[in-house]
Structures are given as C-alpha cells and as structure tokens.
Amino acid sequence: MAQEHCVIIGNGPAANQAALTLRENSSDARITIVGQEPFPHYRPHLLPEYIAGRLSQEDLCVNTPAFYKECGIKVRLGQKVVHVDFNKRELVLDHKEVISFGGLIIACGGKQRIPEHLQVFDDLMLTLKTPADAAQWIEQLSQVDSVLIVGGDLTSLSLTKALLSLEKRVIFMLNEDSFWPVPLCNELSEKIKHMLTERGVEVIKAGRIKRVTRVSDRSIEVETDNKTLRVGILGAFFGMTPNVKFLARSGLDIERGVLVDEYLQTRFDLVYAAGDCAQVYHPTIKDYWVSIGYQNAINLGKIAGLNLLGGMLSVDASPESIFFVDGIIVNTSWWTEF
Amino acid sequence: MKTKGKVLREGVHRIKESRVFDIRSEALPTWCPGCGYFGIHQGLNNCIQKLGLAHHKVVIVSGIGCAGRSLFFTRTYGLHTVHGRTLPVATGVKTANPELTVFAVGGDGDGLAIGGGHLPHVARRNVNVNYLLFDNSIYGLTKGQPSPSSPVGMKSKASPSGTIDKPLNATLLALTYGASFVARLFAGDPDSICRALIEGVQHPGFSIFHIYTSCVTFDKEFKTWANLKKWVHPLPQDHDPSDLRQAFDRVLDDEFSVGIIYKRTDIDK
Amino acid sequence: MPVVDVTVEVCGMAGDGTIAAGGLINEAMSDGGFSVLAFDSYPAEIRGFGRCVTRSRIGNEEIVALEDKTHVLISLNDEQARSRVPFLSENSMIFFDSNPAVYVREDKSLVSELDPETILFGMPFNDIATASAGTTRGRNLTALGCFAAICGAPHDLFRGVIIRKFKSKGEKVLQTNLRSFDAGFDYALEHFSNRIKSIFLIPDKVGGPKKVLLSGNQAIGKAAIDAGLKLYFGYPITPATPIMEYLATHLPALGGRVIQMEDEIASIGAVLGSFYAGTRAMTATSGPGFALMTELITHGVMAEIPAVIINAQRGGPSTGLPTKTEQSDLHAAVFGGPGDSPRIVIAPTNVAECYHYTVKSFQLAEKYQTPVILLADFYLDNRVENLPMPEASESEKSGSNVLPENSLKGSYRRYEITESGISPRALPGMEGFIFSATGLEHTQTGVPDYSPENHMLMTEKRHRKITGALGDLPSPEEFSSGGKLDVGVIGWGSTFGSILEAVTSARNRGLRVGGLKITSIFPFHESVIRAFMNRCSEILIPELNYAGQLANLIGYIHSKDVVRLNRVTGTPFPPSAILEKIEYLVQVGDE
C-alpha cells in the first residue's frame, strides 16, 4: 500500500481526518486530497459563528497549507472529480486530468437539498455550506434586518443562534421534511419550536411556499398557503443530500449515498466511503444508516483511513444512539450540539 | 665643358621640375636590391601619374609582408593594415568615399593564405578597388617559408624535405571567383604593369593584377629572374578578354602567359 | 492609487502564438500608461518545436529589473507550462485550457503541479475560440481575453492593440483575432464574475510623452541611424543579428548601406577602412566574433583609427550558450588583442542607455581616434522596455573628428605628440596632409620605427589620449542617501538594474546601503570609485561571470578585498539574490 497512491475525494472533516489518519499510520504513502471547493479545509459547523462575527476567516481554517506540505499530503483545491473508473482504478478531473489510485476514500460530503417545488426560486434563496455562501450572508445581512428560514435542519438551528446574536429578526418556517432524512415527528417538532420561541424566534405554521419574488434589492416577498411575508433574506435549509451524482454510472452501489459495509468498504477493493456521503450498513439492524454532523464525519474518516491501510475497525454505532424512523436510520449525536 | 657633376645636377633639376617623381616618397624603398617589387612599384607610380590622379585622392591599402611596405614609398594616403585583411579594409575605404581611387596591395601569403577567404567576396561584390597581388611564391619578410603558390618540392627552413602541397593559381582563382577584370603580369615589365593598371583603374569594378615577381634573397631555384624571363610570354594576339571560357582555357593550359586575361564589359553598377 | 507590480508570463510551444500574446500584453499595458519590462525566451534551436516563455513585469512605477517570481501564468501548452511552476509566487493565478483535446495523466498535468493556494482559472480556450471564430488559431487571444477580463483590464485597451497589430494582415485575420479575444473576455466575465481581480487599474494620465516599446537592439539600431551611420558591415551572430536586420530595413531609405561581410574580421576591417576615409560605420557581434576582431581592434589602437563595435555578450566561452545572457567579455573588450592596446569600452545598463551610449560611441571614436566597444548582453539586447522615444540632440550627433589646421599643410605629422594625446587626423581627399597609417610602431610622421625611445613615447601618448577621454565619458552614478554606508554595491551592464532594485529594497528596510553604477568600463573613473569605496565598509560586486571581471578591474581600488557575487546561469541576475547577500553582509558587519 505504501507506494500506491491514496486519493481522497472531498475536503471536509471526514476527508481531512482520513488523510491525517493515513499519514499517521503510514509515513511513506502518497496521499492526495481532491476538493471541489477552492477553499482550504474549514470547519463547516462554524460558519454561523463566522457570520456572527465571532470568528475570523483564519479561525475557520483547520490547518495551514504549510501543515499539509510538511505532512506530505498533496491538497488539490477547486478541482472536481467527474468520473471514476474502478476497473482501471483511475479518476478523471473536470479539466481532463487522469489520476491513478491504489486506494480511494470517497468523502465528498453532501450538498444542500432543495425540495423540488422550491428549486425554481433557487437564485432568490441563500443556503449555507461554504465560506463563499457565508460571505454572501455577511454581505446581505449588512443591508437587511429580517431573515425567513424555511426548513430547519442542523445548520439552520446554529445559524439562527448567530442571527439572533446579530439582532436580526428571525422568522422560522419549520417543515415536515426539514430534518431530512429524518421526518420530524410531532414530539421533536414541538421541542424545536419551543426552543426557538424561547429564544425570540417567530415560528410560523408550515405551509407550502407558492411564490417568491424580489421586490427590491433589500426585500423579498414570500407567498405561502396562508400568508405573505416580506423579508430581507430567504434562507433554505432542508438538510443535505449526498453529493454523489458523479459516481452514478461507476458501478458503485448508490442509494442516496454510497453504500458501504460496517467497515466503510464499498464493493470494490481498497475503496471506502466516509462522512455525509455514505450510507453505512449496521449488522445488528441489518440496514443502512446515514451519519450527520461534524463528530460523526471525523469518526468515519478515521475509520476509513485505518481500514484502507489494512485495519478492520467497524463503525461503533450502538443501537441506542440510532433513531428509528420510517425506513431511514440516523446516527444523531448532533442533538447535543444545539 | 660640362662636368659629370653638372650634368647630373641639371638632370636631377629637370626631373624635379617635371614632378614626375613627386609620387615617390622621401623615404627610399627598403626592398633588397634586385627585388621584383621595384618594377611593380614603378608601374603603379607611373599609372597614377599618367592618369593624372590627384595624389591626395588616392589610397593604398596594404597588408603585411614586403609587398605591404609599398605604400610607404608612394606619396598618397596609405593604410597599412594587418596580415591578410587588405581587401575588406579597402572595401570599407572605397564604400565610404567612392571619390577615392583605392589600390589594395599584398603578397601571395597575404592574398592566398590568411587572406584567401576575402578574395571571393570582394570579387563577387565587384567592389571598385584595384588589387595588386605580388606573387613571388615565398614569404620573404619572415625569411623564406613556402607560400600557397610555391611549387611542390620547394626546399626551405620550414620545408627541409621540400613542400608537398600543390600550389594555388591566383589567376585561376580570380576567374573562378567571378572577378570582372583579371590581369596577369610580370614585374620585369613595368610598362606593361602601368598599362594594365590604367585600364583596370578605369574599369568600373574589381580589378585584380596577379604579378609574377622574384625574391632574389630567398628563392634561388624557382622564380628566379632568369627562369621568369624564360617562362613569361604575352598572351596570343587573338586572345579575346571578353570571353570567359577562353580565359579559363588559356589559364589552365598556360601558367605564364601575361596580359589582360579577362575583362567583363557588361557591368551593372 | 495602489501599487501595481505584476509579473505575467505566457508559456506555450512554438507555434502557439506565445510570443505574439506576450507582445500584445506589453503593448496594451504600455498604452494603458504602465511601465513595462519584458524578456522572452525562445527555443534554443531554430525551427519547429521548443518552449516559448514571455515574461512581462508591469507596474505603475519605473521598473529596473525582472522579479524572480511570477504572479500570473497563462498556459497555452500545459506540458511546457509545467516548467514554469517553480517560479510562481504565492497565490499566483493560472489561466489554462480546461477542455484540452486529450486527457492528461497526473504526472504530465500542469494543475497537479500547483500549490493549493494557486488561483485557478480553467476555461475551454479551444472551444471558446472555435465557437466564436470558427478556428482555434486565435486561441492565444482567447486566453488573453480571459486574462484581461479577470485582471480588470479595460476591454478596449487590448482591442486597440489587436486592431493596430493585425490590421495589416487583412480583415479576416483581424476579425478572427478580435472575435477570439472578445469571446474569451466575455466568457471570463460570465463565469468568474465573483472572482474578478482589479489588478490593472489604469493610472491617471499624468501627461508626459507617449511611450514606445523598444528592445536594446532596436535602441542601438535607431541610435546608429540617428548618429548618421552610413555603413554597417556585419556578420550574423546571436544576439547581434537583429541590429543588422533593423538597419537593413531602415538604413537604405536614408542613403546608407548594410553589407553582410564574409566574416567578423572582414566586418571590422571594413569599419576601420570606412572611418579611415571619414565615414561613420559600425559593426555588431558577440563573443566569438569579437574574439576574431581583436587583432584589427588593436590595429585601430595603434594606427589611431576610429571604429564602433557593439559586443552583445552571450554565454561563453567559445560558441558557448548563444541564447543565454552573460557578462564575461569585459576582459576581452578591455584587454583583448596583442600588446598594450588601450581603447574605450562603455556599457549601458538599460534600453535608454543603449540608445544614448551608441550615439555617444561615434563621437568618442572620432574624437579619440580609437575603436569604441559598447558592451551589451543578450538580456539587454532582447528585453523590451517602454520609454519615451529616444532622440539625440544635435550636439550629441555632430561629428567629432579633430582635423588638422591648414597651417599644417606640408609639415603635417599625423601622429604628433600633443598634450591631450590626440593628434589631428587628416582624411583622404584632404590636400596637403598625405600620410600613411600603419599598425607598426611609428614615428610622429607615421614612418615605421622600432627604436626604444620612440616606442616608449608613442605608447605613453596613446595611453594618455585614452585616459583623457574620462572627461567625455559618463561618470559613475551613485544611488544612496549619502554618507557612510555599510555595504556599497557596484555593478555594470544589465545586472545593474537588479542591483538597483535590491539596493532600493534594502534602503526601504532602513539599511545603510548604496549602489554605484559603472558605465565607463575603460577608462574608468578611479578617483570617483575610490571616493565611493572609502565610504563603504564592504563593497559587493555582483556579476554574471564566474570570477568577477569588473571586480578584477577595479577591486584593487578598495582598501580591502571586495566581495564578489557571481552567477553563470545564463539568466538575468535575480534581485533577491543580491538583497540576500546585502543583508548577510550587513549582519556580519554588525557582529
């Protein structure tokens, strides 16, 4: 394995942990991280803090470029993998570069899920995944006072915290499929509503958004089933969906994400997946579960790294911490984060 | 009764009055008595006088060797340059001031050895300089080494067993290089040199005068006066100097015919 | 007004239009009012293949040297561009074709070589060019369009230059190029709208003369013409050939002639012959050709005949490195040739000086009746700077022959020993002053003479004459705030630009450092140099040669050993290397 090329697709927490784990356990492996975004590895869950002005851009960054150089980990930013050929064991980047790999860890994370009926209003809604998104929030927040958050996933909760600290008026429209892939059960829904209202957020009844129009450069009009609102920013937070379209015809088993066993291995030798893009098999439950959140991502990245080097660590997911929901199983240690 | 002295004095006076020797410098030539160069020098001087060229509008460019000393003995502007480079320097002088009449003067070493690479180009450019190549087939000034025109078997300190390389034929080279006026002459006949020079000076292009001469000090075997007088003869009466092919034939067949070998008449300036 | 100081490279294969693209950048930036200094590298061999790199430093203040690092790289051929990656600065920008014709393996890829902080602008050049103009011929212009848009250069700036350059090639070519450029520009604006960097803010027009782009060779050519050159005799040799070709284009219309001789010896011979006859002539060559000329140069010294010789130095010895720069001919220029043969050697440091010193060379040659050698080098000859079109005043151009008075007719002595050492020189055609010039040692009347006293006197005369030229030669120029200096940096030729940049940086950091520019290599201003050296603790002499040829010449003047900094890389001296040494010397001096 040492002389072979270990490639990690993605530059998020799972990907970076995988890279570091590989380096810690193999001093001479050739390791490359290929990240689609042009930003150095940052803590995504801290973006709301950055928006709130409590963190600088440097604080977002986990490691300096020099760090990776010293570790001998090659980092390739702003470069997208468009195809993987598991037979030839090659992947292709969007500028037609072909990279051979000996071992591969797919940790490309997820992208914002926008429900179909809202996709038409894409350019009027802000999401929050990257520092570029955060920059947009910062710029627009300097001009407006109110924000309508539609959906209500993890990110939206921490963002709300940030918006409140900036003394913005926050209106929250909690949706059934907000915590996708966890449909909100009533109990959970009430709990969240209560928490939000206690902190000064206007929680409004869920209704379907029918139309969104820009009224002026500081005002957006949102028309739902039962009311019409005017706000400064419309934020859409409907959870993440694994960003694995590029692997569609590669031969991997893909449901929503990449299907892997409890050792995070795919059907191909020396090919693993970790983090938000993976669906992990639980031998006890005999089904696949999806990981959410920063800590999980790091944990999975570590395991993938170790196993790629020959380890046989299985993901420790005790049944108690798994939510049982209709057909979808989630490991939710995030609950304590908010 | 005029004394011998008085006759002489009056003679000298007459000569001085005629100014015919004004072309000559104060300094006396340093060549060995009997050197062929005296004859050439006389031919050159007479040509200048006969053409009535203003002395200050004549430039003699010379190289290194006994031949190169010529210009010190002629009262014109002179440029005594380095060995073998007479022709390019003369090219510079003439191109800079076409009003000047430019003579280039050098020996067979100067022209055929170190300077051999310049002859083709001054010929093809048809620069209007008049080149006198003094060919005594020896390096006299450095005391007797063979030259590119020395015959095979010539013995010298530098070639004790005799030379083994074939000699170059300067006239043939001149024709091959396309010189537009080629004359071969003999230093023992200064008048013929004068006549040829007059024609060459008036020729609107490059003219080369290949002049056989003798080095009395170092060549006692080959180009002695006796031998040269025996070998040298004029070109046939029917020789047509405008016929290049004939010129080649003549020169290939006959090494010692003298006269105007070739003269091109259709010069496009 | 923020400081603009950007180094832009275009890299491609021969045939990609690399050099043309670089040239357009230079012109556009010059039109925009920026200072430009550009130096291209070509394939070493003549035809077909090889890497072309254009390198342009663009700024809103005067530029005197190239920087080591490149900020923007435009790749027209990724495989070639890979070689430029080690020279990229931090956070540099790369423009490359994101849809090449064939797939590239990681080990041959340009992008795989780059640091993660490099800012990538991948655009499908081929596709954009084909879509807009139906051909990929204008691909290099598409890349330029992308570059121009991203860097905030106004659209019309480049368009204006493209129109100017390609108008003569016909409407079809012009339109292809304009469309290709526009398409690249528009594509970049559309796809990278959030990443536009306004680097090239056009400086406010302060007025002043319009600037033109000139290479060192062009400056030399123009200077010769302006100085009334009538005859050029030369032989092709890199990097001097462009001078001959420039003159061949321009001289005939002015009644002059360019004559290609059979070799360098013939060239210098003809130049001497021409000056002897009173007409200004010139030849230009490089090291190997110059070596051939030395015999005749000393002839000019002995016979006191003027000549103007340009020695465009290149890597040596012998055939050496024809397309690389070096400063290793100083010894040859000053001392080359047999005997004690003093002559004037002058070395410009930039394009403007290439012009003015070439003009000056003719006057010096005529007045001091000596060959004058102007030492340029490959870098200086081929680099392009923008400057106001150089012109020469009447007094700079006028003839300087020292002619004999009429009273001397009949008793004229060509090599008269005078106080200045300069003997009035008659020209052929002048009645009453007949003389012969000779390379033999001679008396005052020019008659060959080998006697001991005569040789001593004449040798001394010739030396005194040349020393007397100091008054007419440019004095060393100091760049410092005066007073005592920890380090004094002395240099010559194109290296001085790098020295000036390093010295300026050092001074900006508060170091007590100064620079001294030497342009008169021989004779040199010993007392001025001594006065400078006496104020410096350390003297540093950086040169592009192995042992330090200027250091050899003037090092003795300093009270202790001078510090030599030498490089023979064939490339211009990087200012950073000089700065590093300066800082080291200051630090060592402090201890």
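This passage walks through how the three chains meet and how parts of each one are built.

The model is a predicted one, in which local features need pLDDT of at least 70, side-chain atom pairs count only at pLDDT 80 or more, and totals for chains, interfaces and linings use all residues. Residues are numbered from 1 along each chain as its sequence is written, while chains are lettered from A and ligands numbered from 1 in the order in which they are written.

Contacts between chains come first. Two residues are in contact if their C-beta atoms, placed from the backbone, lie within 7 Å. Two pairs of chains are in contact, and chains B and C share the most contacts. Chains A and B have no contact joining them, and their closest C-alpha atoms are 59 Å apart.

On the B–C side, 31 residues of chain B are in contact with 34 residues of chain C. Helices (H or I, at least four residues) and strands (E, at least two) are DSSP runs, numbered from the N terminus. Strand S1 (58-62), strand S2 (77-80) and helix H3 (86-96) of chain B are the elements that give two or more residues to the side touching chain C. H3(B) gives the most, with eight residues. Sorted by class, this side of chain B has 14 nonpolar, 13 polar and four charged residues; here Ala, Val, Leu, Ile, Met, Phe, Trp, Tyr, Cys and Pro count as nonpolar, Asp, Glu, Lys and Arg as charged, and the others, Gly among them, as polar. There is strand pairing across the two chains as well (two strands pair if DSSP finds at least two bridges between them). S2(B) pairs with strand S16 (residues 436-438) of chain C in the parallel sense, over three bridges, and B:His80 stands opposite C:Thr438 in S16(C).

As for A and C, 14 residues of chain A are in contact with 14 residues of chain C. On the chain A side, strand S3 (73-76) and strand S6 (97-100) are the elements that give two or more residues, and S6(A) has the largest share, four residues. The chain A side divides into six nonpolar, four polar and four charged residues. S6(A) also runs parallel to strand S6 (residues 104-105) of chain C, with two bridges joining them; A:Val98 has C:Arg105 as its bridge partner in S6(C).

Chain C itself has 19 helices and 22 strands. Its radius of gyration, taken over C-alpha atoms, is 26 Å, close to the 25 Å that the globule rule gives for 591 residues, so chain C is as compact as a globular protein of that length; the rule is 2.2 Å times the number of residues to the power 0.38. Along the principal axes, the C-alpha atoms of chain C fill a box of roughly 85 × 65 × 45 Å. Of its 591 residues, 55% count as buried. A residue is buried if 20 or more other C-beta atoms lie within 10 Å of its own, exposed if 12 or fewer, and partly exposed in between, with C-beta atoms placed from the backbone.

One spot in chain C worth a look is strand S21 (residues 536-543). Seven of the eight residues of S21(C) are buried, so this strand is largely enclosed by the rest of the structure. S21(C) pairs in the parallel sense with strand S18 (residues 485-491) of chain C over four bridges, where C:Leu485 has C:Cys536 as its bridge partner. S21(C) also pairs in the parallel sense with strand S22 (residues 563-566) of chain C, again over four bridges, and C:Ile541 is partnered with C:Arg564 in S22(C).

Then there is the nonpolar core, meaning a set of buried Ala, Val, Leu, Ile, Met, Phe, Trp, Tyr and Cys residues joined through C-beta atoms within 7 Å. Of the 246 residues in the largest core, B:Val93 and C:Ile521 touch the most other members. Helix H12 (residues 351-368) of chain C gives the most to this core, with nine residues. Leaving aside neighbours within four places in sequence, B:Val93 is in contact with residues of both chains, including B:Val59, B:Leu79, C:Tyr276 and C:Ala277.
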